[in-house]
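Hi,

Here is the structure I promised to pass on. Have a look at it first, and then read my notes below.

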Amino acid sequence: MPPRLKVRHALASAQPAAGVEVAGWVRTKRDSKGFSFLEVNDGSCLRNLQAVVDHAVPGAGDLPEILTGASVRITGDLVPSPAKGQAWELKATSLALVGRADAAFPLQKKGHTPEFLRSIPHLRARTNRIGSALRVRSVMAMEIHRFFQDRGFAYVHTPVITASDCEGAGELFRVTTLDPASPPKGADGKVDWAADFFGRQAYLTVSGQLEGETLACALGDVYTFGPTFRAENSNTSRHASEFWMIEPEMAFCDLAGDMDVAEALVQHLVRAALERCADELAFFDAYVSKGLLERLRGIVAQPFARVSYTEAVELLLASGQAFEFPVRWGENFQAEHERWLTETHFRRPVTVHDYPASAKPFYMRRNDDGRTVAAMDLLVPGIGEIVGGSQREERLDLLEAAMRAHGLDLEGYGWYLDLRRFGTVPHAGFGLGFERLLMLVTGEGNIRDVTAFPRTPGHA
Ligand code: 4AD
Ligand code: MG
């Protein structure tokens, strides 16, 4: 068997090639007198390779059974194509039907709604739309590593199972091996978690940050890139119960440095998508989100806006806009507020910094004004928040006070406080939501369509 030639490489070939083998799934078949034309897609790129099959070649007898969705293996010669829009086609010398697909195959030629495609997650990656999103996802994952590795960050792995609630929002999925029908109970009639697998309550992580901090306070600059879980009952187009997060953590770094890295990362990823996923982005621009390419070029063409939370509140109050939720200093912004700032006012990505302490978790560094913390959120048009981060409180007494104020049990966080007891350093980091980033670069409006197997409330 000759080595299989990927369609991607066939279409980019510099010269004709004899005796190559291509394998993939048939998108369409057209019959004419003496010949059939098969559009073959192997997932290596958006485009199909057209194979011209003479009805006299070995295997051509199977053609009547080769329908949309069937898998085939074709050997032949790569020759210049007379057809418009493609440089090469495959002149078959033999055809093999590998796996039949009958007329029940749900992805026939006609267009399909994203809702329909979500009902067949095991097949929808064979469409241009989902296939493209997943190829972009792969390239972006690689570029995330490139960005951090080029800057000397260590890639670290923080645990998926954890005992702490980093964000303090109580959106945790419990991990347990106790029998839900008859859990062991203590004298007080409550579940005896000491009898559980880990000897205590355990959860799926909502963020690797706290463990990331311990590693940054040893290795300097680190990043995690892994799955995170939130039992948040928000059924929106931007929330998933399982999503991937990129979390850098940097020792000897303040909020300004943190914002610089976040903005540089987002710009790097958009630039890489434009360069490395040109076909996919052109497809999304044409069929999913008109004007995508122009918007993405705008994102890399100029620095992002920066505004303090307090200034942003003033802008929102002065906007004359009738928001559903009133704007009040001290509260987190609602999506409508974020979108007004980035889409209407600044018309580009904007980093909002120095939020009120009352709206943020315990670990953020208190500012000298006594009421704000060194936090930042990066907002982008069409989505809103894609990055959340902060400088961390590195002063032991202030951290303990903040933890008490948030009602945390200091006992359980002795290890976290030790970082402030032994060689404490100013440090900062952030979390970039990977799927939100993918929504930005693909123009997809729903997080379910940039995730192969989305998990959302009621759906697993
Ligand atoms: O703002 P968040 O909650 O920040 C943290 O978890 C920090 N501990 C990160 C850090 O500083 N290391 O989440 C960070 C980002 C959000 O900006 C958003 O992009 C994404 O994670 N995100 C979600 N993405 C999809 N579905 C959800 N339910 C998400 N929740 C957060
Ligand atoms: Mg956030």
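Helix 5 is mostly covered, with 16 of its 22 residues buried (buried is under 20% relative accessible area, exposed over 50% and partly exposed in between, using a 1.4 Å probe and protein chains only). Helices here are DSSP runs of H or I with at least four residues, strands are E runs of at least two, and both are numbered from the N terminus.

Before going on: this is a predicted model, where local features need pLDDT of at least 70 and side-chain atom pairs count only at pLDDT 80 or more, while totals for chains, interfaces and linings use all residues. Residues are numbered from 1 along each chain as its sequence is written, chains are lettered from A and ligands numbered from 1 in the order in which they are written, and side-chain values use heavy atoms, with hydrogens and water left out.

Back to helix 5, residues 255-276: its end C-alpha atoms are 31 Å apart, which agrees with the 32 Å its 22 residues should span at 1.5 Å a residue (the expected span is 1.5 Å times one less than the number of residues). At its start, a side-chain oxygen of aspartate 254 comes to within 3.3 Å of the backbone nitrogen of alanine 256.

Now ligand 1. It is surrounded by 25 residues, the closest being Glu167, Gln209, Arg230, Glu247 and Glu385 (a residue counts if one of its heavy atoms lies within 4 Å). A ligand nitrogen sits 2.6 Å from a side-chain N or O atom of glutamate 167, and a nitrogen of the ligand is 3.0 Å from a polar backbone atom of alanine 240. Taken alone, ligand 1 exposes 630 Å², and the protein buries 94% of that (areas are Shrake-Rupley values with a 1.4 Å probe). Strand 15 gives the largest share of the shell, five residues.

What about the aromatic rings? There are 18 aromatic pairs (rings of Phe, Tyr and Trp, the last by its six-membered ring, with centres within 6.5 Å; planes under 30 degrees apart are stacked, over 60 edge-to-face, the rest tilted). One of them, phenylalanine 225 with phenylalanine 434, is edge-to-face, at 5.0 Å centre to centre and 80° between the planes. Phenylalanine 225 is in strand 10 and phenylalanine 434 in helix 12, so the pair ties together parts 209 residues apart in sequence. Phenylalanine 225 counts as buried at 9% relative accessibility, and phenylalanine 434 is buried at 2%.

Cheers

Definitions and conventions
Polar contact = N/O pair within 3.5 Å; in protein donor to acceptor, adjacent residues only side chain to side chain.
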